[in-house]
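This report goes through one protein structure, section by section. Please look over the sequence and the model before reading on.

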Amino acid sequence: MSLRHAILALLTIEKGSGYDLVKRFNKGIRYFWASSFQQIYRELQTLEEANSVRYEDVLQEGKPDKKVYEINPAGIEELREWLKKPAKY
């Protein structure tokens, strides 16, 4: 599994900011696989450039604005194709 596919899978459950994804990643996967804020934010940018995710700017009072990401149809198709591949042992 790649970080790319882990992020896409998390976004099928619920939209979220990069910070939200880091929290979800650390809550559920960190015991098996560690990832840094920088890695997740970098991968989100790559996914957005590949048109696999999109984001909405959310304005916040008293805090920096944030981007809330969601998977789009191209990302869902990418995840489906990856899931069809046999596991490597």
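## Terms and basis

A crossing of two helices is left-handed if the near helix is turned anticlockwise from the far one by less than a right angle, and right-handed if clockwise. Helices (H or I, at least four residues) and strands (E, at least two) are DSSP runs, numbered from the N terminus.

This is a predicted model, in which local features need pLDDT of at least 70 and side-chain atom pairs count only at pLDDT 80 or more, while totals for chains, interfaces and linings use all residues. Residues are numbered from 1 along each chain as its sequence is written, and side-chain values use heavy atoms, with hydrogens and water left out.

## Helices α1 and α4

The crossing of α1 past α4 is left-handed. Their axes (lines fitted to C-alpha atoms over the stretch in contact) lie 10 Å apart, at an angle of about 120° on a scale from 0 to 180 degrees between N-to-C directions. That angle makes the two helices, α1 and α4, oblique (under 35 degrees is roughly parallel, over 145 roughly antiparallel, 65 to 115 roughly perpendicular, and the rest oblique).

On the α1 side, the contact (heavy atoms within 4.5 Å) is made by R4, H5, L8, A9 and T12. G75, E78, L79 and W82 make it on the α4 side.

## Salt bridges

There are four salt bridges in the structure, each a side-chain nitrogen of Lys or Arg within 4 Å of a carboxyl oxygen of Asp or Glu. A network of them links R4, E43 and E78. Between E78 and R4 the closest N and O atoms are 2.4 Å apart. E78 belongs to helix α4 (residues 73-84) and R4 to helix α1, so this bridge ties together parts 74 residues apart in sequence.

For E43 and R4, the closest N and O atoms are 3.3 Å apart. Here helix α3 (residues 37-49) is linked with helix α1 (residues 3-13), the two residues being 39 apart. E43 counts as buried because its relative accessibility is 17% (buried is under 20% relative accessible area, exposed over 50%, partly exposed in between, with a 1.4 Å probe and protein chains only).

E81 is partly exposed at 35%, and K84 is exposed at 61%.

Beyond its neighbours within four places in sequence, L11 touches G16, L21, V53, Y69, E70 and I71.
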